[in-house]
Every structure is written in C-alpha cells, then in structure tokens.
Amino acid sequence: MSASEPRVGFFTDTSVCIGCKACEVACKEWNQVPADPQGFTGTSYDNSGELGADRWRHVAFIEQKLPVGVEGAAPDSWVQEAAKQNLVEQGLEPERDEDGFRWLMSSDVCKHCTEAGCLDGCPTGSIFRTEFGTVVVQEDICNGCGYCVVACPFGVLDQREEDGRVWKCTLCYDRLKDDMEPACAQACPTDSIQFGELAELRERAADRIEVLHQRGQSEARLYGESEDDGVGGFGAFFLLLDEPETYRLPPDPVVPTRMAGKVWGAGLAAAGAMAAGIAASFIAGARR
Amino acid sequence: MSGDVDRAVAGRDTYVHGERGHPRTREERMVPREQPTTYYGRPVVKPPVWKPEIPFYFFFGGLAGASAVMASVATFLGRPKLARRAWIGAFVGVTASPALLVSDLGMPSRFLNMLRVFKVTSPMSLGAWLLAANGGATTLGAALNLAQPDRRGGAPEVAAAALGAPLATYTAVLICNTAVPAWSEARAEMPFVFGASAAASAAGAALLSVSPEDAAPARRLGVAAAVVEEAATVVMHKRLGPLASAYEEGKAGRFGKAARVLSLAGAAALAAGGHRRSVAAAGGSLLLAGSVCKRWSVFKAGFQSAEDPLQTVRTQRERIALEGGGA
C-alpha cells in the first residue's frame, strides 16, 4: 500500500432502490464497458441478468407475492384485520399493497472483500489491493487463466470473450484518485448507492436499519457489514429486505483461502500416499 | 431429504436471529419456505471459464507426476526397462501439460506472467511453479536415463520424484480451493481420487510397451490404483451427500460411469491375464482411458454444481445451521 488513504466502499441501501438502472448505465459509460445484449429474460424487468465481465453494476428485480390475506372474509372483519396485521409484521404496507405484493430492487456490485478470493487466487499478481482498500484487476497483467472466476464466492468476475481477460468493478479507481465518487453512486437518484469511507458508511447503515426497524420493517437486515463473516467484511455492503439468496447473493460466503490449509494437507497426504503406493508395488515384487 | 429441508429452515432462523439482524418473534416465521429461494434459478457462483484443455491437463499432469515417481523408483531399484518406459511417460506428461495450460489461457501470449510472482495463497501460482520445476527435473532425469540405461539414480531422480508426487495431486487442490460447492466440499477426498487416477495412468502407460517379465510392479500398481480410485470415489460421493448429484447426473455422470467401467475392467484384465503382453497392453489402455474419463467427470461436475444455485445456497445454509457460518 502506497499511502494511508482511508478504506472506502459502497453502502447499497436496497430499501430506496427504484430500479432505474442509472447505475448500470453510468458504470458502462464511464468505464467504457462493452454492450452485451442479453435478449429478453421473460422472468422480470431484469433483462441484463447478472454481474460479469461486461456488467459491473447489476440491478435485480424480485417480484414477490406473499401468501397473506384471507379469501372470502368480510371487509373489516377480525379475520381480515389479522391478515393485514400479518402484512405489517412482514414489513409490507397493506394500505398500498392490499394483495401482499411487493417489488424488491437491488443494485449488485463487486464486494471488494477484506479477504478477497480473486486476489488470493490470482497467479500473476494482476489483481491487487489499492491504496483505498479496493480490489482491482490490472488489465495489462491479466493473462486470462480464469482462476479468479471460480475463486470468487459471489460470481462477480468473468472472462471477456473478445480479449480473454477478466474484468470487474474497479470502484472507479481512476475517479478515486481525483477525489471523485464512483460513477454509479453519483448517478443514483435516490442515494440507494452511497459512497464514502467504510467506517462512516457502517455507522450510517446502523442508523438506517434502526429507523426501518422502528417503522416495523423488521425484515430489513445488513449484509456484509460485519468483519466476522467469511470474507472479513465487504468493502461494498448492503441493506436487504429479504434473505440474501433471494437477491442471488450467497447466505454465507467464505473466501476459499480459509480452507487452503486443509486442502493442501489432503493434497500432500495424497501425494505421499501415492508415492508410497508406487514404491510398494516395486518392493512387493522384490520380496517375491 | 426432509432432514435436509429442516436444516435449511433452521439455518434461516439462525441467520435471522444472528448478530446481523434484529431479534424476531417466532410467529413471523410461521410459514417456512419449503426450500431456499433463488434469483430466477440463476447461479450464485460463476461456472469455470476453462476449456477442454483443462481436464486433459489434469490427466497429463497426473501422468507426468506419477510416472516421474515410478521412473525414479525403478531407476533406484535397478529396473532399467520399466524405468525407461516410465521416464518416457513422465516426459510426455510434462511436455503436454504446459502446452495445454498455455492454450487454455485467455491471453496465451502472456503465459510467462504465471511466473511473475510466487504466491502461496494461489494454488494456480504454486502449481505453475511446481510444473516448471518438475518439468526441468523430469526432462533432465529422462535425458540421463535414456542416455545411460544402467544409471542407478541421483539428485535428478530424487527431485523428479519429490516434485512429481505433488504435481499429481495439486490439481485436486486447485479445483477444491474454489467457491464451486461440489469441488470445495470434496476437498478431503479429491486429492486421493486424483492421486490414484494418476498412478493408474502411469501404470497404464508403462504397460503399453514393456515386456511382461519386466512389468510386474506396473501391473500391481495398476490394479491397486484402480481399486483405490474406486474406493476414494465412493467415499467422496457419500461424504458429499446431496452435492454428489453434480457427479452422478448429466455429462459428469456419464463420464463417471465410463471411468468406473474402464478402470475396473482394466484392473480385472491385468489381474487375470496381465502376464500376457497383449492383455497387459489392453489393460493399460483401459486404465489410461479410465483416467481421462475420471478427470472429465470431475471437470463437468464443477460446471453442473456452479450452475445450480441450490447447491451453493443449501451448502451454506447447512454450514450456518451447524457452525454458525464464516467457517
């Protein structure tokens, strides 16, 4: 690390995301990320699919209809009231969404992990940690071995077919150097994407979750803000309104490096056993 | 299966009650979901971008490593005819391996960047160095032994054997040290499967041409390796539980069945008639084909596992339920 810049990151508050995709567009424009037409998914308003070499921000659309309300119950009956109460407890607003329908929208991005699987796995030193604590691929070094693709617990990195190299969010490294916020955060019209010093973002997120809980949105939870998780905490963490897997996020991501000792232990034990077996096949013959 | 679902649900509750969330009442979870949700069935982790070169590299790397050990042992024990075949097998392996690896790269012209750093956290980096070092030792050992058939062994043989054994099993470490659930959850057994498969291929290659009176160690090794590979595979699938479906279904399943049939048929042929030259060569060919199919099965299983979001989510939910997560 060259200088002692404070670690920066994103706090993506999905409770105010309106699914406008300005972040996807701003990211593509600033970083000159190629177009990658996906066609029509037919499953939701999400027609861009997922993060990859040519998509460094991705907006997920989840349409949920929860089993609430009572069919055939008289209006304003106790039965209907109980069903409404159930809606409130689940964080929905019965006045607006009488049928228990809700949309979840969330802008996903590289997590810039404290313990980054891609960085640990990269054999060329192409992936490095910047002075801002972010994780960046140096495209003049990457030789496209593809190991980071399977080392990432979030499926963030992918190979670009045209040039064979791997690409991902840089947290706008070039803009950070000029004291500018990343393009996605600047473009976000609702401040769902907040950029800043990580320590401050964590405080802000704690305040926000308290507000939501007081309003009865008990299903709101932070994801990736804790340093006790399997990747030592995210540099880009989230406020979610459902389980992580609903948003295509892993519920318990663990950096593969944490199991490296056990894997290598088994690998070397197997190597020793194989060598012993080969030697034994000769020695058994020598005795005969 | 129902235990599976129960645990998934328990995991959900543990998560909700954990330090990340805020305490909830039981009533809020009165209607537990049957199984974890996914995002329109889309994968959570990315499938590998590796091309068909990689399973062939697993095979040739294994052949190189196990043959180097076999060649060195044969050289030290004064079995020049078997040693000669094994050195040739090892040399073929260390020649094919880098060619396959370079061909698989997205930017083959930058293959030397692999040796730009030495990085202990990256099995890919350690493997590249291991392959380079073993390639040097094996080439030297092969050259010395082919030039001097009565050579009794020295430092090059020791180096080739010491580097060859880990070369045969590190490829298992490489794939198990990833976020692909059917690979990473097989980390305790996969190196043994690869080691046995490598030993079987080394024995198979030597048996192709060596005369029966010199081939006894290779026959014994071929039979034993095929049996150990089968046993390790059975244990691996059992320990994987529901994740084993990645190895049993689709293309991975077909390659896996082929590998089992070919390897066990090769072992049976060697055990029954391996003292006859034609049978030994046929048995050796079966072992080689079995080893290739085995690596293809494991390779394809990684894709199938990564592409199934439930494999990723269930594995992690179970981990949360059992250990609290972050293990």
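Author: Chain A is divided into domain 1 (8-254) and domain 2 (257-288), with bounds that come from an automatic or database domain assignment. The centres of domain 1 of chain A and domain 2 of chain A, taken over C-alpha atoms, are separated by 44 Å. This is a predicted model, in which local features need pLDDT of at least 70 and side-chain atom pairs count only at pLDDT 80 or more, while totals for chains, interfaces and linings use all residues. Residues are numbered from 1 along each chain as its sequence is written, and chains are lettered from A and ligands numbered from 1 in the order in which they are written.

Turning to the contact between the chains, 70 residues come from chain A and 78 residues from chain B, where two residues are in contact if their C-beta atoms, placed from the backbone, lie within 7 Å. On the side of chain A that touches chain B, the elements giving two or more residues are α3 (117-121), α4 (147-151), β6 (158-159), β9 (221-223) and α8 (260-287) of chain A; helices (H or I, at least four residues) and strands (E, at least two) are DSSP runs, numbered from the N terminus. Of these, α8(A) supplies the largest share of that side, 21 residues. Sorted by class, the side of chain A that touches chain B holds 34 nonpolar, 23 polar and 13 charged residues, with Ala, Val, Leu, Ile, Met, Phe, Trp, Tyr, Cys and Pro counted as nonpolar, Asp, Glu, Lys and Arg as charged, and the others, Gly among them, as polar.
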